[in-house]
Amino acid sequence: MAYYVGVDLGATNIRAVVADEDGTVIASRSDGTPRGPTGIAVTEAILRVVRETCSEAGIRPNQAVAAGVASIGPLDLAEGAVENPANLPDTIDRIPLTGPLSVLLDTERVYLHNDTNAGVIGERFHSERNPDDMVYVTISSGVGAGVCVDGNVLSGWDGNAGEVGHMTLDPQGLLTCGCGHDGHWEAYCSGNNIPRYAEFLYEEDDVETSLPIEDPDFSAADVFNHAEDDEFARYVVDQVGHWNAMGIANIVHAYAPLTIYVGGAVALNNPDLTLDPIRERMDEMVMVNVPQIELTTLGDEVVVQGALASAMTGGTGDRSRL
Ligand SMILES: [Zn+2]
């Protein structure tokens, strides 16, 4: 019997799953991502979670034939490591991943992806038609995409393709992105930035609103929750939808996907308010074929399921490679 391992390294949690040869998950464990002292502590925590997951599955780690790892970035693909992760403390400079996992699992078949590429691999693997051309977009604390074109999951030379959240959408650059540049998609539409954008629009217009704009805990959830009953909240949601549609239209023009799956906490918590404004604008914004735009079918599991699907299909999500 062949077994496969999927690992999701997030800024907050480490998650591992073990599946049998059909892809059925037979064990799953998670633990908090260590905040230091160095990257090696994170590597050791991952190895521990994988060992515990194998033990729960009743297998030895060397019975796993392949593993997929989905990780926060930025990645150094050649070295199989994370390099100076943006969302962990500065003392964590480098997190070795594929080398130590290869040793633990006694296999060379360890595939590393950023989390959005794992997302598109998972969606591809689990879609009925297993399409060659599709995109996974996450709208969460950041915005990013995993892209599969002509059956190839695009990674770029260093593994950092698909950073679409840092495409410049607003030529006026009214808002500054977390990366330091102005006018990026993510600066308007990520979960962290939607309340900042609402504050900006509020200061511009000084309208009546029941939104708790001044509250230090004012969040994207407040904006979406008031969209039904507050005109200003509805306006913010519509403007966010405008930028999302523009970003998605750019993706459509660049890659010609058949389907775009959207995931991430903002989309998962507010599927209609996120997807409808995008769908409504596609015909006017896109001059080529308009793809289907759907909520991810895998929910919160999309990244770890993508890591697992990568292990099973040689890093591709292509079911014909099973
Ligand atoms: Zn940016």
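Student: Where is Pro-74 found?
Tutor: This is a predicted model, and in it Pro-74 sits in the loop between β4 (64–71) and β5 (75–76). A cis peptide bond joins Gly-73 to Pro-74, with omega at about -5°.

Student: Which residues does the cis bond with omega of about 5° join?
Tutor: Gly-36 and Pro-37. Pro-37 lies in the loop between β3 (25–32) and α1.

Student: And what about phi at Asn-84?
Tutor: Asn-84 has a positive phi of about 45°, although it is not a glycine. Asn-84 belongs to the loop between β6 (81–83) and β7 (94–96).

Student: OK, helices now. At what angle do α1 and α2 pack?
Tutor: Helix α1 (residues 39–57) packs against helix α2 (residues 98–105) at an angle of about 30°, and their axes are 10 Å apart. Angles under 35 degrees count as roughly parallel, so α1 and α2 are roughly parallel to each other. The crossing of α1 past α2 is right-handed.

Student: Which residues of α1 and α2 meet there?
Tutor: From α1 there are Thr-43, Leu-47, Val-50 and Arg-51, and they meet Pro-100, Leu-101, Leu-104 and Leu-105 in α2. By class, this contact of α1 with α2 has six nonpolar residues, one polar and one charged.

Student: What about α3 and α10, at what angle do they cross?
Tutor: The axes of α3 and α10 cross at roughly 70° and come within 7 Å. That angle makes α3 roughly perpendicular to α10.

Student: Which residues make the contact between α3 and α10?
Tutor: On the α3 side they are Asp-115, Ala-118, Gly-119, Ile-121, Gly-122, Glu-123, Phe-125 and His-126. On the α10 side they are Val-302, Val-303, Gln-305, Gly-306, Ala-307, Ala-309, Ser-310 and Met-312. The contact of α3 with α10 has eight nonpolar, six polar and two charged residues.

Student: One more pair. How do α5 and α7 cross?
Tutor: Helix α5 (residues 194–205) and α7 have axes that come within 10 Å and cross at roughly 120°. That makes α5 oblique to α7. The crossing of α5 past α7 is right-handed.

Student: What is in contact there?
Tutor: α5 contributes Ile-194, Tyr-197, Ala-198, Leu-201, Tyr-202 and Asp-205. α7 contributes Phe-232, Tyr-235, Val-236, Gln-239, Val-240 and Trp-243. The residues of the contact of α5 with α7 divide into 10 nonpolar, one polar and one charged.

Student: What lines the largest cavity?
Tutor: Its lining is made of Ile-139, Cys-189, Ile-194, Phe-224, Val-237, Val-240, Gly-241, Asn-244, Val-266, Leu-273 and Thr-274. The elements that give two or more residues to this lining are α7 (231–255) and α9 (271–285). The largest share, four residues, comes from α7.

Student: Which classes are in the lining of the largest cavity?
Tutor: Eight residues are nonpolar, three are polar and none is charged.

Student: Which elements give two or more residues to the lining of the largest pocket?
Tutor: The strands are β1 (3–9), β2 (13–19), β9 (134–139) and β10 (143–149), and the helices are α3 (115–126), α8 (265–269) and α10 (302–312). The largest share, three residues, comes from β2.

Technical notes. Residues are numbered from 1 along each chain as its sequence is written. This is a predicted model: local features need pLDDT of at least 70, side-chain atom pairs count only at pLDDT 80 or more; totals for chains, interfaces and linings use all residues. Side-chain values use heavy atoms; hydrogens and water are left out. On a 1 Å grid over the protein atoms alone, a cavity is a set of points where a 1.4 Å probe fits but cannot get out, and a pocket is an open set with protein on both sides within 12 Å along at least five of seven lines; lining residues have an atom within 4 Å of a point. Ala, Val, Leu, Ile, Met, Phe, Trp, Tyr, Cys and Pro count as nonpolar, Asp, Glu, Lys and Arg as charged, and the others, Gly among them, as polar. Axes are lines fitted to C-alpha atoms, for helices over the stretch in contact, and angles run from 0 to 180 degrees between N-to-C directions. Angles under 35 degrees count as roughly parallel, over 145 as roughly antiparallel, 65 to 115 as roughly perpendicular and the rest as oblique. A crossing is left-handed if the near helix is turned anticlockwise from the far one by less than a right angle, and right-handed if clockwise. Contact means heavy atoms within 4.5 Å.
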